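Please read it with the coordinates open.

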Amino acid sequence: MTKHFTLSRRVFLTSSLAATGALALGFRVPANAEEAAGATSDVKELNAWVVVNPDDTVLVRISRCEMGQGTLTGLAQLIAEELEADWDKVTWEYPSPGQSIRRERVWGNFGTYGSQGIRNSQQYVREGGAAARMMLMQAAANRWGVDVSAVKAAKNVVTGPDGATLTYGDLALEAAQLEVPTEIKLKDPADWTLAGKSLKRLDTEAKLDGSQIYAVDVKLPGMVSAAIRQAPVIGATVASFDADAVMGMPGVKKVVQLDDYAVAVVADTFWRAKTALEALPIEWDEGENATLGMADIHASLDEGLGADQAFIGTQRGDVKKAVAEAAKVVEADYYFPWQHHATMEPMNATALVSADSAEIWVATQDPEGVLAITAEAADLDILKCEVHRLHLGGGFGRRASSHEYARQAVLLAKEMPGTPVKLIWTREEDMIHGTFHPITKARFVGALDADGNVTGMHMRISGQSIRAGLMPHAMDEKGDPMVFQGLNEKSTEGEFGYTIPNLLIDHALRQPPLRPGYWRGVNNNQNAFYLESFIDEMAHAAGKDPYQFRRGLLKDHPLHLRVLDAVAEGIGWDKPAPEGVFRGICQHHGYGSYVAAAAEVSVDERGSLKIHRIVASTDCGHVVNPQQVEAQIEGSFAFGLSAALHGEITVEDGRVQQQNFDTYPPMRMDEFPKVESLLRPTGGFWGGVGEPTIFVAAPAVTNAIFAATGKRVRQLPLSNHDLSA
């Protein structure tokens with residue numbers, strides 16, 4: 001067996017929160033199923049991923065988190081594909097982080113972010129399914145006394161050379177005693193029968209009949225509820241509060257200060273806790289940010305646009321010389337605001353702490369991170385703690401790295417040993433104290449020669465770094481590489497596809513105090529908006545068609561060009577648009593996938609915008625479930641266009657101004673366009689699908705707006721612009 005390891009909470013927390021890529025998994029298939037299961041576990045477990053029951057049902061274990069994106073079903077399809085399972089007999093369960101630690105992280109990384117749920121799991125989950133199938137086939141061959149090459153497996157049945165059959169349920173006990181094969185050959189995707197098909201999702205029925213339990217639905221015997229108020233001014237602290245003023249109110253159990261910035265009320269119901277909290281007198285020390293406003297923030301970002309010092313992301317050639325020798329110089333500044341995740345389910349968690357154990361029921365994109373946080377807050381060994389995972393009522397990155405709500409729940413439960421405490425943030429609390437899409441600006445200088453060819457470009461980004469905000473210890477002399485998502489040279493994760501001989505992309509770090517965080521799509525969103533808007537501006541300055549201009553620049557990057565060509569064909573770029581309708585186009589590469597979009601819009605004389613149609617193309621290498629990918633593309637446009645149209649968080653007097661959906665509105669159904677998805681997988685790599693299409697939502701539309709009005713949209717959201725003639 002693998003040597004047992006110890007892991008400090010601090011090291012575990014640091015590594016599990018690192019959202020720049022997958023952890024080093026150290027994945028191994030145990031020597032046999034009995035070892036995998038442990039002495040007291042059901043020996044019908046063939047390995048950590050597959051359990052076969054006597055009734056012939058197959059249970060697959062899914063370590064990644066489900067938040068509506070379909071990762072659960074996609075991973076189950078990959079396991080079932082290699083297992084040769086009958087899809088109608090497949091069920092699933094989540095393993096817990098505590099189980100994973102006790103089994104030396106046999107399930108690898110639980111974190112679900114960066115569009116990596118399937119692409120960074122596919123290899124080892126497929127191996128788990130294939131290993132289980134090989135063991136079942138070997139068990140059948142042993143029983144029949146034939147070589148394993150003489151048997152075949154399909155739909156939970158092993159067939160022998162004479163037509164004899166045994167079900168997986170018949171063979172499970174014998175198979176579980178066999179050695180796990182060390183040489184595992186996976187199927188060629190061309191031979192898939194389950195993966196690659198639009199199979200029904202495993203979690204749909206529970207959502208439709210209302211039986212699906214989310215974290216906010218959790219009810220435990222003897223449970224109490226808590227409401228919390230955190231400092232309304234960024235960085236403020238609690239000066240004083242009068243607990244006695246509310247302790248006599250109905251149902252109130254306790255008033256607790258959490259750290260130096262928050263006060264919570266615990267009561268027998270959430271409504272009573274919330275009512276008492278509203279009546280609780282609290283005085284705040286508002287601190288140095290009490291006068292902070294958007295004018296201060298814009299001044300800082302503007303200063304960064306022209307600063308001498310910056311972190312370099314990509315550099316080749318001599319941009320200054322190219323600009324100095326240019327026949328035409330194109331310049332433009334852009335702005336991308338803070339944006340909120342606005343998950344339907346606000347932050348919440350339920351915790352139960354005793355002298356020797358701690359449990360938490362929570363929706364999270366990083367269950368292992370929450371386990372570390374629980375152990376730290378409860379001051380217990382991590383092996384005495386457990387995280388009960390539930391589906392997320394929205395993640396979008398908010399539940400990926402910042403789990404203060406989980407920590408707060410554990411601290412409150414620690415104050416009431418043996419009593420489950422459910423903490424719920426109100427919508428207003430959730431909106432004010434989020435981790436926001438980073439605020440940035442960008443300045444471009446482009447050089448064109450006499451023939452309208454791009455000879456040089458400088459892209460300066462000024463603004464926040466998520467790494468500097470959440471993991472400052474990880475910053476070094478190179479800055480934050482994630483700032484340059486989609487702008488890198490020779491990158492399989494997000495490559496700058498345009499061939500420009502003289503290029504400089506750099507970042508002036510300017511870090512206003514409002515906390516940045518991972519927001520679905522992360523830095524690709526603003527980088528695609530900035531770059532694709534400016535490419536359009538250069539095409540116009542060169543007197544060239546925006547699509548053909550891009551084609552010329554993408555000649556050395558055929559996969560970028562392939563998706564761009566697909567949307568141009570799909571939208572009918574070479575044909576006239578309907579009367580009064582205008583088109584925009586763009587492309588980007590991020591999270592390993594190549595994406596492009598073309599939009600059709602109209603703008604009436606009053607300036608009312610109508611987005612009629614979007615054609616989107618995605619090359620993610622392999623498609624596991626086409627319907628789910630199409631749903632993700634459509635959902636990405638809903639998310640990306642909602643932010644482009646309306647999404648903006650502002651700060652005045654140190655306070656976030658948007659507190660609910662009346663001041664932070666989502667996109668309405670009548671605003672949503674028809675979306676046509678063109679899946680163009682080329683194979684040979686695995687890209688993500690949960691985020692990439694968001695990148696191209698805004699620039700496709702804003703470029704079309706220019707075609708319609710002659711007005712450039714260089715700042716988001718669109719709701720701040722007058723598009724009238």
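1. For the classes used throughout, Ala, Val, Leu, Ile, Met, Phe, Trp, Tyr, Cys and Pro count as nonpolar, Asp, Glu, Lys and Arg as charged, and the others, Gly among them, as polar. The model is predicted, with local features needing pLDDT of at least 70 and side-chain atom pairs counting only at pLDDT 80 or more, while totals for chains, interfaces and linings use all residues. Residues are numbered from 1 along each chain as its sequence is written, and side-chain values use heavy atoms, with hydrogens and water left out.

2. Cavities. A cavity is a set of points, on a 1 Å grid over the protein atoms alone, where a 1.4 Å probe fits but cannot get out, and its lining residues have an atom within 4 Å of a point; a volume is the space filled by probe spheres set on the points, which are joined across faces, edges and corners. The whole structure holds three cavities of 30 Å³ or more, and the largest cavity has about 70 Å³ of space. Its lining includes Phe 336, Trp 519, Ala 643, Phe 695 and Leu 716. By class, this lining has eight nonpolar, three polar and no charged residues. Helices (H or I, at least four residues) and strands (E, at least two) are DSSP runs numbered from the N terminus, and of these α19 gives the most to the lining of the largest cavity, with three residues.

3. A cis bond. Leu 716, one of the residues lining the largest cavity, is joined to Pro 717 by a cis peptide bond with omega of about 10°. Pro 717 is found in the segment after α21 (697–709).

4. Helices α3 and α5. Axes are lines fitted to C-alpha atoms, for helices over the stretch in contact, and angles run from 0 to 180 degrees between N-to-C directions. Helix α3 (residues 71–83) packs against helix α5 (residues 122–144) at an angle of about 30°, with their axes 7 Å apart. With contact meaning heavy atoms within 4.5 Å, the α3 residues that meet α5 are Leu 75, Leu 78, Ile 79, Glu 82 and Leu 83. The residues of this contact divide into eight nonpolar, two polar and three charged.

5. Helices α11 and α13. The axes of α11 (residues 367–378) and α13 (residues 404–415) come within 9 Å and cross at roughly 35°. Val 370, Ile 373, Thr 374, Ala 377 and Ala 378 of α11 meet residues of α13, among them Arg 407 and Lys 414, and the contact comprises seven nonpolar, one polar and two charged residues.

6. Two strands pair if DSSP finds at least two bridges between them.

7. The four-stranded sheet. A second open sheet, also of mixed pairing, runs in the order β22-β23-β24-β27. Because β22 (582–590) and β27 (674–679) each have a single partner strand, one side of each is left without a neighbour in the sheet. β24 (residues 609–619) and β27 pair in the parallel sense over six bridges, with Ile 614 opposite Val 675 in β27. Helix α18 (residues 558–571) packs on this sheet, touching β22, β23 (593–603), β24 and β27, and its direction makes about 140° with that of β24.

Notes:
On a 1 Å grid over the protein atoms alone, a cavity is a set of points where a 1.4 Å probe fits but cannot get out, and a pocket is an open set with protein on both sides within 12 Å along at least five of seven lines; lining residues have an atom within 4 Å of a point.
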